[in-house]
Amino acid sequence: MSREYEVSFPVKGDNFEDAGKVSVEIKRLLKGHGITGDILRRAAIATYESEVNIISYAQQGNINVRVTDDSISINIQDRGPGITDIEQAMKQGYSTANDRIREMGFGAGMGLFNIKNCSDSFEILSEINKGTLLKILINR
Amino acid sequence: MILREIADLLDAKVLAGEKHLGVEVKTAFSADLMSDVLAFAKPGSIMITGLTNPQIVRIASIVDNSAILIVRGKIPPDETITLAEELDIPILSTKYILFETSGRLYANGIVGCIRKIEGPGSVVPL
Amino acid sequence: MNLTLLTEKLNLEVRCCKDKLDREVSGGYMGDLLSDVMANSKKDDVWITCQSHQNVVAVSVLKEHAGIILVLGKEPDTDTIERASQEGIPLLVTDLPGFEIAGRLYDLITV
């Protein structure tokens with residue numbers, strides 16, 4: 001039986017009440033497909049951070065997870081403002097979050113940095129006023 | 001310490017996961033910033049926080065925290081407790097502040113779940 | 001205990017107000033939500049946090065904290081250092097997580 005598996009979920013911007021719902025569901029599905037331990041955890045954390053990014057900054061987005069025999073690839077596409085300075089956005093502690101986001105416990109400037117830490121390969125493509133695509137790859 | 005002992009030590013109410021009170025906890029991570037929990041908390045550690053929204057349960061589930069310990073006597077909304085039962089994450093609530101709670105647990109042998117941060121983002125495990 | 005001794009015992013680095021370390025510390029408060037710290041911390045507490053932006057200084061000034069300890073290797077922003085120097089609030093930093101610093105400080109001030 002092939003271990004290939006793909007799943008996609010839409011994420012709505014500004015919907016803080018549901019922040020993390022999609023990621024918890026993705027973690028459950030991945031676990032059901034035999035992903036365990038550190039790899040499962042890294043995939044879940046990267047997905048969660050991405051989900052919170054969409055909710056905090058974009059109008060809407062989509063999280064796509066594809067599992068193959070040797071990797072998990074997670075693509076996060078959003079329709080939002082885009083990232084002006086990717087290098088700066090990647091820095092630990094840098095954040096454009098407002099007070100509302102901070103009082104919820106987010107916006108400490110750890111997101112992209114943390115996603116990169118969880119990935120074996122990580123790429124950001126962003127276009128101002130259009131949106132951002134994050135490509136995360138985790139080896140199995 | 002097992003969760004039951006932590007609850008006794010801190011005079012804490014058990015709000016979810018009663019059946020897991022025998023789980024042993026050796027490490028902790030205190031924070032109100034969920035970004036930091038996601039970046040630094042380790043599997044098996046207890047999350048100590050002043051937040052009560054359902055996100056804390058989702059995050060505990062994502063990073064494999066053994067339990068959540070809410071401080072300052074805050075009682076989370078029903079959604080948080082329902083979600084905790086669903087995702088099997090015990091929740092305790094103590095009246096002590098985050099500083100006092102951490103201090104008492106540390107005095108009883110619980111240690112931080114990471115030793116320190118070395119250079120940007122690289123974490124030295126215990 | 002004053003901040004000089006505390007800095008030594010907890011192996012903290014001083015980022016500003018080296019001349020203000022004779023200030024006495026009566027307790028500790030840990031938290032990252034400014035609204036909570038505003039509401040519940042006390043005068044002469046040392047505040048343990050991972051928030052490094054400049055708003056923390058205003059909170060410390062208003063609550064008359066003895067100083068701020070930034071944990072998890074977070075470095076204060078330039079604005080934060082500038083503001084803290086003006087206001088005379090010592091900024092101390094450590095690579096350790098908040099739980100460890102709180103645990104050690106609690107041990108030092110409650111014994």
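Modeller: Helix H3 (residues 55-63) of chain B packs on helix H4 (residues 78-87) of chain B at about 20 degrees, axes 8 Å apart. Helices are DSSP runs of H or I, at least four residues, numbered from the N terminus. Axes are lines fitted to C-alpha atoms over the stretch in contact, and angles run from 0 to 180 degrees between N-to-C directions. This is a predicted model: local features need pLDDT of at least 70, and side-chain atom pairs need 80 or more, while totals for chains, interfaces and linings use all residues. Residues count from 1 along each chain, chains are lettered from A, and side-chain values use heavy atoms, without hydrogens and water.

Colleague: Why are H3(B) and H4(B) called roughly parallel?

Modeller: Angles under 35 degrees count as roughly parallel. The angle here is about 20 degrees, so H3(B) and H4(B) are roughly parallel to each other.

Colleague: Which residues of H3(B) and H4(B) make the contact?

Modeller: Ile56(B), Val57(B), Arg58(B) and Ser61(B) of H3(B) meet Thr80(B), Leu83(B), Ala84(B) and Leu87(B) of H4(B). Contact means heavy atoms within 4.5 Å.

Colleague: What makes the link between Lys27(A) and Asp64(B) a salt bridge?

Modeller: A salt bridge needs a side-chain nitrogen of Lys or Arg within 4 Å of a carboxyl oxygen of Asp or Glu. The closest N and O atoms of Lys27(A) and Asp64(B) are 2.7 Å apart, so the pair meets the definition of a salt bridge. The count between chain A and chain B is one.

Colleague: How many residues of each chain are in contact?

Modeller: 26 of chain A, with 23 of chain B.

Terms used:
Helices (H or I, at least four residues) and strands (E, at least two) are DSSP runs, numbered from the N terminus. Angles under 35 degrees count as roughly parallel, over 145 as roughly antiparallel, 65 to 115 as roughly perpendicular and the rest as oblique.
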